[in-house]
Amino acid sequence: MPKEHAALIRRAIESAQAAGELPAFEIPEVRVQPPANPELADYASPVAMQLGKLARKAPAQVAEIIIRHLPEAPFVGEVSVAGPGFINFRLSEAWLKQQVEAIIAEGEGLFTLDIGQGKRAQVEFVSANPTGPLHIGRTRGAIVGDTIARLLEAAGYTVEREYYFNNAGRQMEMLGRTLQVRYLQMIGHDVAMPADGYAGEYLKEIAEELLQEVGEDWIGKGWQPFKEYAEKIIFGWIRNSLHRLGVYHDVFFNENSLYDDGSVWKALDDLRARGFVYEAAVWEGADEAERAAAEAQGTPAATWFRSSTLGDEKDRVVVKASGDPTYTLPDVAYHVNKFERGFDQMVNILGADHGTQYKTVQRGLTALGYDPAKLHVVIHQMVRIYKDGQLIKGSTRAGDVIPIDDVLDIVGSDPVRYFLLARSTNTDVDFDLDLAIARNNENPVFYIQNAHVRCAGIFRMADEQGFTDEGADLDLLGENEAAFLRQVLRMGEALTYAIDEMAPHQIAFYALETARLFHPLYDSVRVFHSEVPEDVARARLRFYHAAKVVFHRLLTLMGMSAPEVM
RNA sequence: GUGCCUGUAGCUCAGCGGAUAGAGCGCUUGCCUACGGAGCAAGAUGCCGGGGGUUCGAAUCCCUCCAGGCACGCCA
């Protein structure tokens, strides 16, 4: 709606200029927003205050002139000047009530925007390597990523959800070796854990499963089959956890494929061709002390990426002296692959602990001639878990993580989703397990869902009485219903803003606000009551039909269930 | 030390350069003849971390200081 109002104001200014009532000047961007206090107006524009200087008139006077030239529009009700020069708009109440039909007609596609029409978007998220069960930090990324994907779909994009993983390398070898040790220990061998092994209990569980499956046949085997076995089980866990949260991926991209098709080494060659690669024991900008230390230790030469020329504080190793690439090189190759797939919009969800490292990848892309700004990186801050008032450190290696499944067993998917969604990605989250369990009856999530339940309840009652909302006269609706419809009409703005800013928490707050408006209304605007005439009841039933559509849409956007009964 | 994030009600957090800074939880007091009460109504609570600046207008933008989180590997 603000766009429509802004267009009207713009035309009014042009018309006033043509009539000589305002001097000629270039019209600045016309801003229109709902004011903080809804009693003042439905939408307000401060444009007259900005124009005061340009027009050399008092802002209130400019506002008057603009209003006089305002073209007619069906949605415009009362227009007035207020405060220091705001132009205040009311929506036409008659027009507003008719929006009930539009909402019902749009149904699940309610407020689908056209900004992504015909465009392809990709969201990469979770991307946890299969070294342990999904924990809450990764789950935050999963919820943020999935919700952004849903928002992009609501914006009209065709969205691909991708999970990037690495099932090779040292980490996975350690996983295999740890399982091997656990397996051998289980059948009575006295073997010690590897120094960097995975201490978590879950590998004992896997060892037990393995023992039941193969007996003692694997005693003489190397670590590789153990790694494969662990990977298979753990990936199953992760997928199952995501499934429980309503999160799905279209593509699982294996880092190995980048070695198989040569793109890792091609990325290195391309960097070299552009002059960003050299071989040395220490980086070019190293001081005397570093050089001397390297020489004394006989550090062998590695392959460096000259990232310092792109704003980095130092160069980074891309191929170790051993000949193996560091994480950077395949990661750059992966992103090149993404860019080459030609998405119109790319989003990558990362935890704060990966934020700094990602900058090296961005510099790699820049070096190769890609614009990293085309990939929108959403970095969410950390999730800290408290249990019995104690902070639980989240190290997979040390084994002190809490699998998200344990939380899901207790509180279920909807509260977990809402809790992780309903705050800005920029803030740290303290997840108090005891509180989550104890307070699950007071979670706002139920408040929102209950709005949907109440709508459904009215329709159950209507069915019993054989009463329908066909042929309702919407003019019979009252002010409360109109106020609710005003809020509903802001959903498009909420979605647009959430997508522009990649701020999915906006939708959670919008949903809560909308429910907050609904419940008092439900209390006073009754359908089935001896004092409500039949034609009014019919109009109200039609209204609740629209409200049900709204809450269903909101809950679906957040990946939450829209229950018919609580 | 450097980079990123944060500091708003007792707690957890919204707040997109605009009007009297908001919500949930908790607290106080009312409301069940009630379309499922996981509800409704009323009430209390704020040097928006400190200090400068930009602007007609700053919680919001810039600078600086203080406090906290994360990251700064030839780990991934």
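Predicted model: local features only at pLDDT ≥ 70, side-chain atom pairs only at ≥ 80, totals over all residues.

Colleague: What is the strand order in the open sheet of three strands?

Modeller: The order is 7-8-9, with antiparallel pairing (strands pair if DSSP finds at least two bridges between them; strands are DSSP E runs of at least two residues, helices H or I runs of at least four, numbered from the N terminus). Strand 7 (277-280) and strand 9 are the edges.

Colleague: How many bridges join strand 7 to strand 8?

Modeller: Four, and strand 8 covers residues 302-305. Tyr 278 has Trp 304 in strand 8 as its bridge partner.

Colleague: Switching to Thr 326, is that buried or exposed?

Modeller: Thr 326 is buried, at 16% relative accessible area (buried is under 20%, exposed over 50%, partly exposed in between, with a 1.4 Å probe and protein chains only). Thr 326 sits in the loop between strand 9 (316-319) and helix 12 (328-340).

Colleague: And which helix gives the most to the lining of the second largest pocket?

Modeller: Helix 19, with six residues. A pocket is an open set of points on a 1 Å grid over the protein atoms alone, where a 1.4 Å probe fits, with protein on both sides within 12 Å along at least five of seven lines; lining residues have an atom within 4 Å of a point.

Colleague: Which residues lie nearest its centre?

Modeller: Pro 2, Arg 490, Gly 492, Glu 493 and Ala 494, out of 35 lining the second largest pocket.

Terms used
Residues numbered from 1 in each chain as written. Chains lettered and ligands numbered in written order. Heavy atoms only, no water.
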